[in-house]
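Reader: Please take one part of this model and go through it closely, with cut-offs given for the terms used.

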Amino acid sequence: MNCETYENQLGDYVDGARASGLPGDARLAAFERHLAGCARCQALVADFTSIRGAAARLEEHVPPPRLWTRVAASIGEPQQRPWWRRPLAGAFPSWAPVAVAVSLALLIAGATWLAWTQEPAAAPHEAVGAPAEPDTAPAEEHYEAAIAGLEQLAASQDASLDADTRAVLKQNLAVLDRAISESRAALADEPADALAQESLLDALDTKVTLLQDTVALAADADAGSDDAAGAAKELNQ
Amino acid sequence: MRTADLELAARCRAGDADAFEELYRQHARRLFSLVVRMLGSGEDAEDLLQEVFLQAHRKLAGFRGESTLGTWLYRLTMNHCLDHLRGRHAKMSRATDSLDDEGTAEPMAPAPAVPPAISRMDLEKAIDALPPGARAAFLLHDVEGFEHQEVAEILGVSEGTSKSQVHKARLKLRAMLRR
């Protein structure tokens, strides 16, 4: 018989089949006898074995985190998590996270601007002896203490988040910090301005929530990595 | 395994979002690698795999557990890949390959052997140049490690065709790698 008639047996042999382990396979036994005297088939076995080994060692391509976000969005999964807890990049058009951040900045800046511009309207209240606006200092201290603790915790877990998510979180924190600074500047000019006080406390509250969710997201990412590793191990068995 | 698959599929059908994410986490990595190598592009692979999981979400109602969820997902993925490649090839008016067995003329003249240490880049490039049918069978068998019976089930062909396609792929890779 010529070499071509043993095509399947040659493949099986490269995959590890041996006549000694498959005593009922007469064709495999015949191929092994043929192989012993055929330089061409010996060369094929050597090259195919080399190719098979190199193929099995090829590195895995890792899907970017944004792929799950895209999948979840396409199947209409209820968005149970707040936006800042989802892997953002790729879930929406690339400008969407920026748009959210800008909208937030505009909202807070707008509130601050209103606080400045409504000064004349507040005057009559002051004229009839309205009580002074409540002091925000105790609330600020409470928020600042919470923020300091959360920032420390978030920094220690920062490496658990993917680069895209980290970038968006950092960007959103910067927007909030700017809003906090602007509100404080407005309050420095008008300490009794209710809207500026409200803007400041809202921004501090949002920052606390964002940091809380950053910590939770990092914890989720850690758990996800463990799950994926376990699943990969199971599939490879 | 089948029981676990059926339970996971049932949870997905019941609208359990965590269950579908679990399904994704279990299979996305291996499927992504396969699709990147089938299409030769990470960007196309993302688009195609998104479509695969969308289809899977819609079709889970029809999953009866005759095969594992993994095999079922691989079949869905390979169908999408081959459709995509056939469409691309048709548009480019290039010759296409099919899963039907085709004879492969092997050069009989002596040639240098495949280098013992094949570089990853050379192999990836050579795989990318394989006809779609042979590439699919080779990736599933030699890269992903499926048995011929599983490859046949995923590709919807006979076991003999799977063996033949893998042989054809190895021959073509051998010719490309020893140039």
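Reader: What area is buried between chain B and chain A, and what percentage of it do carbon and sulfur atoms give?

Author: The model is predicted, so local features need pLDDT of at least 70 and side-chain atom pairs pLDDT 80 or more, while totals for chains, interfaces and linings use all residues. Residues are numbered from 1 along each chain as its sequence is written, chains are lettered from A and ligands numbered from 1 in the order in which they are written, and side-chain values use heavy atoms, with hydrogens and water left out.

About 4,200 Å² is buried between chain B and chain A, and carbon and sulfur atoms give 59% of that area. Buried area is the accessible area (1.4 Å probe) that two parts lose on being put together, summed over both. On the side of chain B, the residues losing the most area to chain A are Arg29(B), Glu46(B) and Arg170(B), together 16% of what that side buries. The contact (heavy atoms within 4.5 Å) takes 38 residues from chain A and 47 residues from chain B.

Seven salt bridges are found across the interface; the term stands for a side-chain nitrogen of Lys or Arg within 4 Å of a carboxyl oxygen of Asp or Glu. Glu46(B) forms a salt bridge with Arg70(A), at 3.2 Å from N to O. Helices, which are DSSP runs of H or I with at least four residues, numbered from the N terminus, supply much of the description here. At least two residues of the side of chain B that touches chain A come from each of α2 (17-39), α3 (42-59), α5 (120-128), α6 (132-143) and α8 (159-177) of chain B. The largest share, 14 residues, is supplied by α2(B).
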